[in-house]
Amino acid sequence: MRKRNESVTVEHERAAAAAAAVPGPVDKGCSLRHSLRLPAAAVAAEGMKRPLGRRYGLWFRLRKLIIWLLGMYIAIPFLVKLCPTIQAKLVFLNFVRVPYFIDLKRPQDQGLNHTCNYYLQPEEDVTIGVWHTVPAALWKNARGKDQMWFEEALGSSHPVILYLHGNAGTRGGDHRVELYKVLSSLGYHVVTFDYRGWGDSIGSPSERGMTYDALHVFDWIKARSGDNPVYIWGHSLGTGVATNLVRRLCERETPPEALILESPFTNIREEARSHPFSVASTQYFPGFDWFFLDPITTSGIKFANDENVKYISCSLLILHAEDDPVVPFHLGKKLYNIAATSRSFRDYKVQFVPFHTDLGYRHKYIYRSPELPRILREFLGKSEHEHHH
């Protein structure tokens, strides 16, 4: 009897152990779920992985951006150095055509109803588009007239201004058109054109080519204008073309009656270094001159106004706004100081007219000045007197 009780007890213990080893069915109290629950430390670690993963992904993207920017910072200067034509394009900006979608064959669309569009050929494979605006006094007579009438009109008793525009845009640029209107209202013929490679003109841009185009148009005007005074007006980059042209005209002893420089610089290298973008770059980029300025010279681009004025013998008028953000005012003033002390101008008038910052004329709005008619009348009247006596 005693042995039987002991065997029953052993079997009972074995059954209890087996029951403890094998989990029972999942009940409504989710006793199985509780038995499989992760430890608290593991749950905390899993929760931390998500923000860490986000931070790592953000840092990875930021690092890629920094590496890309650093690569561009290094690659672009070497690209410019190895391909000087890139820098030449940035100087000329002839690929920027503003305003867009205008028909340069129709100057009347820009409000120039007394303007004729021509095409001249300075060299083989080079064609340049030209606008000729007659004085406002001839406006009614000019309506419906052909190119021959406009060419003959250059021989009328009105002075002529050859206008040389700056980089970017075309002869149909808004501020340029407004200046033509002002000059026309003052009684001047205005002849302007797009250099080869600009607007609808055919050819590849270069300093030599631009200067030759200007010389061709000047000679074309002189062949038709008789004894009427011809003035050269250059704006911004066009001042470099203007001084190149006038120096050449003086060397061959056929100078214009006067030279007008609006927003001029001393030379293209100094202008490029003084540009707001360059001023910021020189502070953070070692070797800026070697990488960016030397390629300009390598491309044969100088526009040396400061050298040219030493060989010019005609009256000179410089107009510059103090708030000019493109060509700093001090460069125009420096050019005036060079010209004023040059022996070549000892028998001619040299005048500098500043426009105060408060006027807001900046780089291309001097035409808005109500004083401009008086300035031109007094200066050019004096120039005509010098020429005839």
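Predicted model: local features only at pLDDT ≥ 70, side-chain atom pairs only at ≥ 80, totals over all residues.
Local features need pLDDT of at least 70 and side-chain atom pairs count only at pLDDT 80 or more, while totals for chains, interfaces and linings use all residues. Residues are numbered from 1 along each chain as its sequence is written, and side-chain values use heavy atoms, with hydrogens and water left out.

**Salt bridges**
- The whole structure holds 14 salt bridges (a side-chain nitrogen of Lys or Arg within 4 Å of a carboxyl oxygen of Asp or Glu).
- One of them joins Lys 334 to Glu 270, with the closest N and O atoms 2.9 Å apart.
- This pair links distant parts of the chain, 64 residues apart: Lys 334 is in helix 14 and Glu 270 in helix 10 (residues 268-274). Helices are DSSP runs of H or I, at least four residues, and strands are runs of E, at least two, numbered from the N terminus.
- Lys 334 is partly exposed at 37% relative accessibility (buried is under 20% relative accessible area, exposed over 50%, partly exposed in between, with a 1.4 Å probe and protein chains only).
- Glu 123, Arg 196, Arg 208 and Asp 213 form a network of salt bridges.

**Glu 257**
- Glu 257 sits in the loop between helix 9 (237-251) and strand 6 (258-262).
- Glu 257 is buried without a salt bridge, and the nearest side chain of opposite charge, Lys 222, is 4.7 Å away (Lys and Arg count as positive, Asp and Glu as negative; His and the chain ends are not counted).

**Helix 8**
- Buried residues of helix 8 include Trp 220 and Asp 213.
- Just after helix 8, Gly 226 has a positive phi of about 65 degrees.
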